[in-house]
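Welcome, and please open the model in your viewer. We will go from stop to stop, selecting a few residues at a time.

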Amino acid sequence: MADFSIFHWLIVLFIFALIFSAGKGLEAAVFRRKGPGSMVCTACGTRGFPQTKTRGSLGIEIVLWLCLVVPGIIYSLWRLTTRYDACPACQQPGMIPVESPRGKKLLSEDA
Ligand SMILES: [Zn+2]
């Protein structure tokens with residue numbers, strides 16, 4: 001029953017990753033409600049909303065789930081855990097809140 005055990009743990013991990021990702025999504029929704037341009041990009045100084053980027057492809061994910069469940073779970077886990085918020089202008093990750101000391105500095109340099 002060793003295989004079942006691994007499978008069981010992968011399912012548990014997958015559920016945790018789903019909860020984690022839902023929490024992140026909720027956090028992003030709260031940020032977006034703060035009004036326009038609450039985040040600033042550390043790479044190019046653009047003020048705006050970060051875009052959530054997911055690595056990999058949904059097509060591969062579906063194929064893996066249909067053919068082989070375990071790699072499907074692993075692939076889904078990888079996609080969920082490597083999600084990141086990117087700048088809408090330069091696509092670089094690492095946008096910071098406007099209210100933060102570094103955010104204020106970036107905006108004052110821009111003006
Ligand atoms: Zn940028």
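Which residue in β2 does V40 stand opposite? Select V40 and you will find R47 of β2 across from it. A word on what you are viewing: this is a predicted model, in which local features need pLDDT of at least 70, side-chain atom pairs count only at pLDDT 80 or more, and totals for chains, interfaces and linings use all residues. Residues are numbered from 1 along each chain as its sequence is written.

Next, select residues 39-41, strand β1, which is joined to β2 by two bridges and runs antiparallel to it. Strands here are DSSP runs of E, at least two residues, numbered from the N terminus, and two of them pair if DSSP finds at least two bridges between them.

Now show the whole open sheet: its three strands come in the order β2-β1-β5, with antiparallel pairing. Because β2 (47-48) and β5 (95-97) each have a single partner strand, they stand at the edges, and one side of each has no neighbour in the sheet.

For the next stop, select M39, V40, C41, C87 and M95, the largest nonpolar core. Such a core is a set of buried Ala, Val, Leu, Ile, Met, Phe, Trp, Tyr and Cys residues joined through C-beta atoms within 7 Å; buried means 20 or more other C-beta atoms within 10 Å of the residue's own, exposed 12 or fewer, with C-beta atoms placed from the backbone. β1 gives the most to this core, three residues.

Finally, go to Q91, in the loop between β4 (84-86) and β5. Q91 has a positive phi, near 65 degrees, and is exposed, with 12 other C-beta atoms within 10 Å.

Key
Helices (H or I, at least four residues) and strands (E, at least two) are DSSP runs, numbered from the N terminus.
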